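Subject: Structure handover

Hello,

Here is the structure I promised to pass on. Please open it first, then read my notes below.

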Amino acid sequence: MATTACFIIVSRNDIPIYEAEVGSAAKREDAAQLHQFVLHAALDIVQDLAWTTSAMFLKAVDRFNDLAVSVYVTAGHTRFMLLHDSRNDDGIKSFFQDVHERYIKTLLNPLYLSDSRVTSSHFDTKVRAPARNYL
């Protein structure tokens, strides 16, 4: 089954530090811009919700057509946002937890500057692998 999924990591300063199209659906020419627009539009909702709950996984915070925006907020207020058409909440939560673990390992790298773009091909590979498994 083909899935549409776009994943983005946004720093606490609202700077996108990682973006990836992780779905298996056929790519449309304008899809990347539409996905970015929907994810960035959901940032205000996420900011309001993050201060009202202690949960890290916020499930579906926004919807656009048949796509949902699920969010995972770290203790440092970095937001992992996933635009998807999947209904598998447990798989999405597991995906976020795997990516959070990989992100922490990246933060522990002494050569990585906090809030800078993650450009590591190793990180990209490690994000796309659980996306295939869970989404």
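Start with serine 70 and histidine 84. In this predicted model, their side chains are joined by a polar contact of 2.7 Å. A polar atom of the serine 70 side chain also lies 3.5 Å from the backbone oxygen of lysine 59.

Where does serine 70 sit? Its place is in strand 4, residues 67-73. Serine 70 is buried, because its relative accessibility is 1% and the cut-off is under 20%. Setting aside neighbours within four places in sequence, serine 70 contacts Phe57, Lys59, Ala60, Phe80, Met81, Leu82, His84, Ile92 and Phe96.

Some of those names come back in the core. The largest nonpolar core has 21 residues. Phe7, Ile9, Tyr18, Phe80, Leu82, Phe95 and Phe96 touch the most other members. Five elements need a look here: strand 1 (5-10), strand 2 (16-21), strand 5 (79-84), helix 3 (89-107) and helix 4 (121-134) give two or more residues to this core. Helix 3 supplies the largest share, five residues.

Take phenylalanine 7 as a way in. Leaving out neighbours within four places in sequence, phenylalanine 7 is in contact with residues including Tyr18, Phe80, Leu82, Phe95, Phe96 and Val127. Another core lies apart from the largest one. This other core has 17 residues, among them Cys6, Leu39, Val61 and Val71. As a general point, nonpolar side chains in soluble globular proteins tend to be buried together.

Now the charged pairs. How many salt bridges are there? The count comes to three.

- Aspartate 14 and arginine 79 meet at 2.6 Å, N to O. Aspartate 14 is in the loop between strand 1 and strand 2, and arginine 79 is in strand 5, so the pair ties together parts 65 residues apart in sequence. Aspartate 14 is partly exposed at 42% relative accessibility. Arginine 79 is buried, with a relative accessible area of 5%.
- Lysine 105 and glutamate 101 meet at 3.7 Å, N to O. Both lie in helix 3, four residues apart, about one turn of the helix. Lysine 105 is partly exposed at 47%, and glutamate 101 is partly exposed at 43%.
- Arginine 128 and aspartate 124 meet at 3.0 Å, N to O. Both lie in helix 4, four residues apart, about one turn of the helix. Arginine 128 is partly exposed at 29%, and aspartate 124 is partly exposed at 22%.

Best wishes

Terms used. Residues are numbered from 1 along each chain as its sequence is written. This is a predicted model: local features need pLDDT of at least 70, side-chain atom pairs count only at pLDDT 80 or more; totals for chains, interfaces and linings use all residues. Side-chain values use heavy atoms; hydrogens and water are left out. Buried means under 20% relative accessible area, exposed over 50%, partly exposed in between (1.4 Å probe, protein chains only). A polar contact is a pair of N or O atoms within 3.5 Å; within protein, one must be able to donate a hydrogen and the other to accept it, and residues adjacent in sequence count only if both atoms are side-chain atoms. Contact means heavy atoms within 4.5 Å. A nonpolar core is a set of buried Ala, Val, Leu, Ile, Met, Phe, Trp, Tyr and Cys residues joined through side-chain atoms within 4.5 Å. A salt bridge is a side-chain nitrogen of Lys or Arg within 4 Å of a carboxyl oxygen of Asp or Glu.
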